[in-house]
Amino acid sequence: MTSPFPPLRFDRDDLAAFIDRSFPARARPALGDLVSIAPGHARLRLDPDEDMVRPGNIVSGPTLMGLVDVAAWAVVLAHVGPVAMAVTHNLTISFLRGCPVAQVIADARLLKLGRRLATIDVRLWQDSEDRLIAQATVGYALP
């Protein structure tokens, strides 16, 4: 079966390098690491540190939202190329359970990629994809 999306414009290493260049070095640890890309899909991994923890010893909502946003951006860029100014126009997130301070995986899947807008489903999980921490729908405006 062929992908409904255009071919990938980056391989994993080139996309990871582009993400690294696009953000200040001090911000990068909070934004996750690119694990893989495939047509319509990107996976990022975040290893939270003590600066990302909120009262109750769980990973903070802003940290998780940042991971969601970068995962969505990565899957869009994988298909459209090095367009740093693709910007979030909408992000709706449902936090489904507390996120213990342990590795978090973000799976971003393109739902639709148009000429000016993209819609992405992002799911966060730990240990098992069946036990989601959060689910988000993200919209990106493309220049």
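Mentor: Let us start with a word we need: contact means heavy atoms within 4.5 Å. This is a predicted model, where local features need pLDDT of at least 70 and side-chain atom pairs count only at pLDDT 80 or more, while totals for chains, interfaces and linings use all residues. Residues are numbered from 1 along each chain as its sequence is written, and side-chain values use heavy atoms, leaving out hydrogens and water.

Our part is glycine 40, in the loop between strand 1 and strand 2. Helices (H or I, at least four residues) and strands (E, at least two) are DSSP runs, numbered from the N terminus. Glycine 40 has 6% relative accessibility and therefore counts as buried (buried is under 20% relative accessible area, exposed over 50%, partly exposed in between, with a 1.4 Å probe and protein chains only). Setting aside neighbours within four places in sequence, glycine 40 is in contact with Phe5, Val75, His79, Ala108, Arg109 and Leu110.

Six strands make an open sheet in the order 1-2-6-7-8-5, with antiparallel pairing; two strands pair if DSSP finds at least two bridges between them. On average, neighbouring strands here are turned by 20° against each other, direction ignored (axes are lines fitted to C-alpha atoms, for helices over the stretch in contact, and angles run from 0 to 180 degrees between N-to-C directions).

Helix 2 (residues 61–80) packs on this sheet, touching strands 1, 2, 5, 6, 7 and 8, and its direction makes about 45° with that of strand 6 (104–113). Helix 2 also meets helix 1 (residues 12–22): their axes come within 11 Å and cross at roughly 125°. Leu15, Phe18, Ile19 and Ser22 of helix 1 make this contact with Trp73, Ala74, Leu77 and Ala78 of helix 2.

Further along the sheet, strand 7 (residues 117–125) and strand 8 (residues 132–141) pair in the antiparallel sense over nine bridges. Leucine 124 stands opposite alanine 134 in strand 8. From glycine 40, leucine 124 is 84 residues away in sequence and 17 Å away in space, C-alpha to C-alpha.

For contrast, consider aspartate 127, in the loop between strand 7 and strand 8. At 82% relative accessibility, aspartate 127 counts as exposed, and its phi is near 65°, a positive value in a residue other than glycine.
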